[in-house]
Amino acid sequence: MMIRMSFGLLGCLAAIAVVLAAGPYDVPGNVDVTDVQNAPVAHSQTWQELSSNLLRGWIGLWHPDYGTPLTTFGPPLGLVSPQADDATRQAQAHDFLLQMATLFGEPTVQLELVKSDYVLAKWKGLFQEERQGMPVLGSRAEVTLNHCGEVMRWGIRTYSNWPELSASRLSLTQAVVSLQGKIGQPDWFVDEDNSFAAFFPDHVLHGLRPVWDVRLVGQAPHARWEGIVDATTGEVLLDWPGIQNDEVSGTVEGQFWYPYNSSPVDSAAYTMETISINGNEVTSDMEGDFSREISGNASLVAWLRGPYVAVRNDDAPPAHLDLELSPPFSPFVWTWTTEDATRPEMNGFYHTRFIHSWYKEIDPGFTSLDYSMPVVVNYGTNYENAFWNGYGCYYGSGGGNYENFVMYCDVVYHEYTHGVTQEMYSGVWLPYEGQPGAMNEAWSDYIPCTITDEPLIGEGGLVGGNPLRYLRNLYNDMHFPESWQGEVHRDSRFISGSLWRIRLALGADIADSLAHFSRYGHATDFLSYLVEVLETDDNDGDLSNGTPHAETIYSCFGHHGIGPGVDPNLVLENVRWYETGEGGSVGDGDGWPEPDERLELTFQVFNDVILYPPPAQNVSMALHWNDPDLTVTGGQQNLGDLGPGQAVSATPILIDIAPNAQDHWAKITVTISAENTSEVFERDIQFSVGKPKILLVKDDPTSDVESFVENTMLGMNVIFDQISLEEHQELPDTILPEPGVVLWLSGNARTGILATNDQYLLTDYLSRGNRVILSGQDIIDELAGGPFAQNVLEMGIAQDSVRMTSVRPAEGSPFLLENWFLLVGSAGASNQVRSSVLTPLGNNATICGYGRYGTQGIAGVDFYGGRGIVFGFGIEAISGMDTSESLEILLSELFYRWAQDILPAEPHQPEVALPTVVTLGPAFPNPFNAVVQLPYQIPAGYEADLIVFDILGREVERIALPLSDGTAVWKAETATGLYFAQIRWSTGASPIVKLVLLK
């Protein structure tokens, strides 16, 4: 019987493909998505000028390696009339791209048309750069005209400003030898018709290498390889298999033949099959019918071949049917059975014809595979593979690991789709590796899955007959780039998964059209393919105003980390505050917020996404603080809708500082939300209240171990100013606090510490009654013996590069004698490998020594009459472990004992109203429909309320909490939206819990 295929009957499988390891060179076809930027970020003067006139309203995507936009789109530009012929379109498009290239600094570029297609009322032209009559691989200049002949998108990726790295060129024969040696196939011969000379961009050297694009073929149909060979050195820069096929690995776990290889036999018409009647060939129609007028007897012979398929069995002669008829003739049914042909032969014929018809139905204009395509079944001996070799499909019979590949319809559809992709990209460079290789595999996975209406690849028995195993699942949560694995079949799921989600949301008809026709844009990276899908979806020739299904497309691709998704990314930019009298501010203008001053805080909220996803809707902003010394005015604002790449300035916010405020760090939290996302974006704005009397100098460009000191001071609520110096950079005198303390840290730096002018500056600073602390294992190495060390520090180095673990205060030091400090055990201690033993001179005094008893060498010395201190180790290494004192203790004694004339009081520590015993939530259910429960716990004796407020900070419900623990219930009578819950009492508040109400 014949086999009938229904759309929902059989599962979707794929064949094995060759795995190609990534090479050391960037492939020009791969644009790193993380480097692509919106045009405003590029700060291109040309773009700014064009954006104000010709390209007003357009968006451009940029990459650091190119001076031109990779792709731009916006309101259409008039170019040619809709009635223009193809030659006119080509000429006008060519001139337009040259004009754009010239404007962006590439006036010498030579562009040659590679491909043009007229698809869904849009004309797409793709050009390639040529140098000395040879193509530059990976270059492309493209333009899309809408149905009115207007430019709706264009982009240029060329290398005309890159120099040629060499003028010498090996012969093609020498290049062939190099590639043969690389792949270990010396007997494969060159396909001279398809091998050519070219230039290859070297993204490390930013130059063009002369290369040969070499195609090798062997004796077997699957013996194909392609490579890029440096024409100067013979080095193989890149190579990949010329056969695009699946490679499957798995474990044989028994056999199970339902519903694929052992599916019940069904029958259907064999369409477009060649039949010989008395030596004259006819072809059955789309119903399987055939007829021919004759007289006399009829001798019929049928083969499993036709205009679009030619089946061959590698294990046996071609199958055929013979029939002798005598008049009168009556209509009859002529059936292929297993008595006439093998199951693989019949399955290969039927499913190849089916997939050819499927493509004809979706894209009648695609004719590139309208030939009698070789379909070879039982290829090789126990061959466990299937592949497209550039002209036909080959299916192995399997062996110990896999079943017969052609018995799985989606294997046939997968390999055939590789052929479709090859022809759609004919003349366009599409390496079978990285992102372009993953896209190639993704299309070959999606098409069979959409036909069989399920998302699994490799299920149903291909792998050892086990129906429970599969190779790939299109319905997945892979997210780019975190899930990137560097193998085209695994990485294909970023794209196939995006397309499958579109299919689930919009249906097969729309998704299939988007998946197929977007290939005509010849994208070679994920982000560009997303743009192509949007362009295919567009219905008015203007991408800037969205497309009919843009929100779904953005959402589905965004789910896999491609493009911006649909959620906004709201961030703060240009945060500034003033106390100069500007705007509503009141202050002395010295740059420091101080008691009884009023600050004006300004910033912008920026929707940091690219392309044209839906805007952030009804953006609102609220400020939160828990500082009794601050009074904030204007802390709740509605900012309206915010489109992609747009920014809006918040109304200036006024912050009054209490007249009696003590010195401390103040913090205000800005929360930003939008109606179309459940995410709340937060940013802390921190500033010091009071003028700092401490300057922290980080004189170490090689590491950041000084951050341990910085974080300790922040935790102590000590206000300070800070500056980081590069090697040999000098400290500006305008930053010194007066009176004040300079804490100079050299961290891991070994040279370039304390430049000559810094030594003069600190000497003068000390002479005015200020204090200086120097810390670091090499801080005076370069100074030893010099005038600053002898006359100001009055010390030398007795020994350097010693590893010590602890220090102990000495008699007469500013530290308590019972203290000791451990230098190991903290994260900052790993740098203490060459601490210095100091030698005091003159009247200097030892303030601490190494070891638990301080007897293993001098670790710290005071100088300049006790107004300065030098530590021969980095204080960032003090651990506070093993009963030793902490870095906080050391700094407290330095600031408030040793420097009490300048810092006379401990810093203000804000009261903690209710500590860690307060809990609220988690809320359940959440999201909720009408009622939500919030478990809580508070200390006994506190009177507290549960407050529910909306995204604008307005209170919508207040619930008294009579017990120390329990569950609060909110019966919401408000509209659908985002709300917040918080426990509040007279002196404090709990963390906020987010609630989502859906009705």
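**Exercise 1.** Determine which helices and strands each supply at least two residues of the lining of the second largest pocket, and which of them gives the most.

*Solution.* In this predicted model, the elements that each supply at least two lining residues are the strands β11 (207–217), β12 (224–230) and β13 (236–241), together with the helix α6 (409–424). Among the contributors, β11 gives the most, with four residues.

**Exercise 2.** Describe the second largest pocket by its volume, its central residues and the classes of its lining residues.

*Solution.* Step one concerns volume: the pocket has about 910 Å³. Step two concerns position: of the 32 lining residues, Asn 194, Arg 215, Glu 226, Gln 422 and Val 428 lie nearest the centre. Step three sorts the lining by class, which gives 14 nonpolar, eleven polar and seven charged residues.

**Exercise 3.** Apply the reasoning on exposure to Pro 922, and state how far its C-alpha atom is from that of Asp 289.

*Solution.* Pro 922 lies in the loop between β46 (919–920) and β47 (931–937). Because its relative accessible area is 67%, Pro 922 is exposed. Pro 922 and Asp 289 are 633 residues apart along the chain, and their C-alpha atoms are separated by 69 Å.

Conventions. Residues are numbered from 1 along each chain as its sequence is written. This is a predicted model: local features need pLDDT of at least 70, side-chain atom pairs count only at pLDDT 80 or more; totals for chains, interfaces and linings use all residues. Side-chain values use heavy atoms; hydrogens and water are left out. On a 1 Å grid over the protein atoms alone, a cavity is a set of points where a 1.4 Å probe fits but cannot get out, and a pocket is an open set with protein on both sides within 12 Å along at least five of seven lines; lining residues have an atom within 4 Å of a point. Grid points are joined across faces, edges and corners, and a volume is the space filled by probe spheres set on the points. Ala, Val, Leu, Ile, Met, Phe, Trp, Tyr, Cys and Pro count as nonpolar, Asp, Glu, Lys and Arg as charged, and the others, Gly among them, as polar. Buried means under 20% relative accessible area, exposed over 50%, partly exposed in between (1.4 Å probe, protein chains only).
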